[in-house]
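Please open the model in your viewer and keep the sequence panel beside it. The tour below moves from one selection to the next and says what is there at each stop.

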Protein chains: 2
Amino acid sequence: MNPRTSTERPKEVAMRTDEQWYPGHLRDLDDSECRELLTENRVGRVAWCENGIPAMVPVNYRFDGEYVVFRTSAHSLLARHFRDGPKAFQIDDHDDFQQSGWSVLVQGESEVLEWDELPDPADRPQPWIGGNRNVHIRISAEHISGRRVVPA
Amino acid sequence: MNPRTSTERPKEVAMRTDEQWYPGHLRDLDDSECRELLTENRVGRVAWCENGIPAMVPVNYRFDGEYVVFRTSAHSLLARHFRDGPKAFQIDDHDDFQQSGWSVLVQGESEVLEWDELPDPADRPQPWIGGNRNVHIRISAEHISGRRVVPA
């Protein structure tokens, strides 16, 4: 249902604000909802800070309940920035029509996996990009938070 | 076409790597492609750094060719962090089936708009969330970059 064109709501609600007839509201996701979304998705964004300037790029990832794991090539920007230190990882999705969506943010330290720490092949992230992307990096899910825009 | 199940490609290509049969490749988007994507989309992510730790959340936004503008409420986390200083803004989209996608990253200083600097009402971002979100923040598009994963 498009909230902008519905005729089912009383007009006084529709006129509550001049800019959005039926504003949604924000609610926090609990930890289990966040973990479920992290587990079932495969594409997210990794973020880092360089001299106080944030940057982020999408990656193919897997979440094993403790770490977000992604892959890159040995001489990439990501390999350089994600050796250690605090990082963030984020997933989200939204529905333009419903004007709803959700997002999950993970913050924690990054580190490069040693060969003997690699997940089983079936559990490794599968990059869509070719080339020798054999550096596996993980971000510990020390802090997880999420929220959802619930349509009105 | 699902690249994993196609039978049209020669087997020696299919066996190029053990993990992905037909890897895509990455190409940079030029400035005009990035600007077009920024102009036509309405939902992105703002990012900031706090004590070297990155964070990001989705926002409804508008891009006017020079600035990314979004709205928040006066006492929000975003209002506190986006008064000034270097920030980032990002949009992306992807197609799980095609294993393709694109992303655009904007980096620049943020500032709070004064009342006489507000865009025309029709050009303002329209938050999906209700409440008095009358603080307009802009991020200058000092640096714009983008890339696309082209399926094989």
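In which strand of chain A does A:Arg138 lie? Select A:Arg138 and you are in strand β7, residues 135-140 of chain A, where helices (H or I, at least four residues) and strands (E, at least two) are DSSP runs numbered from the N terminus.

Before going further, note that this is a predicted model, in which local features need pLDDT of at least 70 and side-chain atom pairs count only at pLDDT 80 or more, while totals for chains, interfaces and linings use all residues. Residues are numbered from 1 along each chain as its sequence is written, chains are lettered from A and ligands numbered from 1 in the order in which they are written, and side-chain values use heavy atoms, with hydrogens and water left out.

**First stop: around A:Arg138**

Stay with A:Arg138, which is buried at a relative accessible area of 14%; here buried means under 20% relative accessible area, exposed over 50%, and partly exposed in between, with a 1.4 Å probe and protein chains only. Now show its surroundings: leaving aside neighbours within four places in sequence, A:Arg138 is in contact with A:Tyr67, A:Val68, A:Val69, A:Glu109, A:Ser110, A:Glu111, A:Leu113 and A:Glu117, contact meaning heavy atoms within 4.5 Å. One of these, A:Leu113, is 25 residues away along the chain, with 6.9 Å between the two C-alpha atoms.

Next, pick A:Glu111, whose side chain meets that of A:Arg138 in a salt bridge (3.0 Å, N to O); the term stands for a side-chain nitrogen of Lys or Arg within 4 Å of a carboxyl oxygen of Asp or Glu. The pair links distant parts of the chain, since A:Arg138 is in strand β7 and A:Glu111 in strand β6 of chain A, 27 residues apart. Whereas A:Arg138 is buried, A:Glu111 counts as partly exposed at 32% relative accessibility.

Switch to chain B and select B:Arg138 with B:Glu111, where the side chains meet in a salt bridge of 2.9 Å, N to O. B:Arg138 lies in strand β7 (residues 135-140) and B:Glu111 in strand β6 of chain B, so this pair ties together parts 27 residues apart in sequence.

**Second stop: chain A as a whole**

Of its 152 residues, 49% count as buried. Among contacts in chain A between residues at least 6 apart in sequence, 66% join residues at least 24 apart.

Select A:Gln99, in the loop between β5 (86-95) and β6 (100-112) of chain A. Although A:Gln99 is not a glycine, it has a positive phi of about 55°. For background, most residues other than glycine have a negative phi. A:Gln99 is also buried, with a relative accessible area of 14%.

**Fourth stop: between the chains**

Which residues does B:Ser100 touch, not counting those up to four places away in sequence? Select B:Ser100, in strand β6 of chain B, and you will find A:Trp128 across in chain A, together with B:His94, B:Asp95, B:Val149 and B:Pro151.

Now display both sides of the contact, which takes 41 residues from chain A and 42 residues from chain B. The area buried between the chains, that is, the accessible area (1.4 Å probe) that two parts lose on being put together, summed over both, is about 3600 Å², with carbon and sulfur atoms giving 61%.

Two salt bridges are counted between chain A and chain B; for one of them, select A:Arg45 and B:Asp92, whose closest N and O atoms are 2.5 Å apart. On the side of chain A that touches chain B, β1 (25-28), β2 (43-50), β3 (53-63), β5, β6 and β8 (143-150) each supply at least two residues, and the largest share, eight residues, comes from β5(A).

**Last stop: the two copies**

Finally, superpose the chains by least squares on the C-alpha atoms of residues with pLDDT of at least 70 in both: chain A can be laid on chain B with an RMSD of 0.0 Å by a turn of 180° and a shift of 0.0 Å along the axis. That is the relation of a two-fold axis. The same surface serves both copies, as 100% of the contact residues of chain A recur in chain B.
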